[in-house]
Amino acid sequence: MPRKITMADIADMAGVTKSTVSRYFNGGYVKESTRERIQEITREYNYEPNAFARLKARESNVIGVVVPTLNSKVTSRVVTSIGRYLRGQGYETLIKDSDHSPELELKNMQRLMTLNVDGILVSAITITPELREAIESCPVPVVVLAQEYPQGTVVVADDYGAGRAMGAYVGRTGPRRVGYLGVEESDLAVGISRRQGVLDGLREQGDPEVVALQGDYSYESGQRMAEEVLKNGPVDAMICATDRLAFGAYLVLERHGLRVPEDVSVAGFGGYDESALLKPPLTTLKFDSYAMGYLGAETVLKMIRGEPVPKKQIVDYTFIEGKSVRER
């Protein structure tokens with residue numbers, strides 16, 4: 001006859017934490033391979049959890065949220081939407097800021113995994129092998145926001161489609177030379193997909209010469225890249241990976257006595273409220289960041305409850321036609 005075992009024994013034999021076993025018995029999310037192992041052990045030892053063990057294993061009602069930065073209009077929209085939805089469902093958020101550092105992003109994930117959160121939303125800077133391993137080994141559900149991750153559950157923006165739409169819009173004005181102010185390729189969504197969309201959109205409308213640069217997300221980086229573009233000769237347009245970079249481009253063009261859009265067209269991505277206050281108002285694309293936060297929060301709660309969820313959800317964008325791109 002099999003010996004009497006405890007929940008701690010099951011955790012040891014399954015190679016998981018006691019909280020993971022508790023979550024299994026209380027209907028919470030557990031990886032399929034772990035679930036099967038726990039089932040095998042409980043069948044072998046005829047284990048039946050008592051009522052007290054079930055009550056003790058209550059969830060924390062806290063969701064961990066990892067974001068690239070708090071100094072971002074898009075991030076603030078996503079976080080606001082997450083908080084609103086989760087509060088309505090009786091959950092709180094624990095927010096960790098990675099300051100655009102992949103290393104800190106990984107540490108934030110690992111830290112949240114030790115804090116008894118019920119699930120994690122990670123607005124990923126980039127999916128490094130180390131982050132992928134952390135997500136796959138995480139004992140609670142994880143939803144990735146803003147980056148493609150085929151092995152997991154994601155909510156993403158259509159960065160390529162948006163880039164292509166903007167590239168085509170500017171391309172139809174007939175520019176001969178275009179500067180692209182981008183960000184580092186470590187950010188796959190913005191640094192690669194969005195840029196490739198812009199290049200393809202331009203190519204479809206006449207294939208102008210493109211000077212593509214990489215910087216960070218700051219206003220100062222927008223200025224540096226705009227200055228570098230102009231050092232290499234005149235351009236008819238500057239397309240910026242974010243509105244903040246476009247703000248820097250506006251300042252540099254003014255310093256050089258160049259008018260927007262008469263001399264140089266400028267376009268951005270983000271749809272910041274401040275972009276409408278520029279003179280002239282910026283032509284930009286606004287992603288539905290509130291929908292990203294809402295869908296991410298809704299999805300992680302469904303996973304906690306063991307409900308089926310889509311592997312990938314894509315949020316839409318809105319084209320905001322300002323006055324910063326010359327008329328066709």
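In what order do the six strands of the open sheet stand?

## Basis of the model

This is a predicted model, in which local features need pLDDT of at least 70 and side-chain atom pairs count only at pLDDT 80 or more, while totals for chains, interfaces and linings use all residues. Residues are numbered from 1 along each chain as its sequence is written, and side-chain values use heavy atoms, with hydrogens and water left out.

## The sheet

The six strands follow the order β2-β1-β3-β4-β5-β11, with parallel pairing; strands (E, at least two residues) and helices (H or I, at least four) are DSSP runs numbered from the N terminus, and two strands pair if DSSP finds at least two bridges between them. Because β2 (92-97) and β11 (312-315) are at the edges with a single partner strand each, one side of each has no neighbour in the sheet.

Within this sheet, β3 (residues 119-123) and β4 (residues 142-145) run parallel and are joined by four bridges, and Val-122 stands opposite Val-144 in β4.

## Helix α7

In α7 (residues 129-137), the residues Leu-131, Ala-134 and Ile-135 are buried, that is, under 20% relative accessible area, where exposed means over 50% and partly exposed lies in between (1.4 Å probe, protein chains only). These residues lie on the same side of α7, because they cover an arc of only 100° around the axis, the arc being that of the directions from the helix axis to the C-beta atoms. Pro-129 and Glu-133, on the other side of α7, are exposed.
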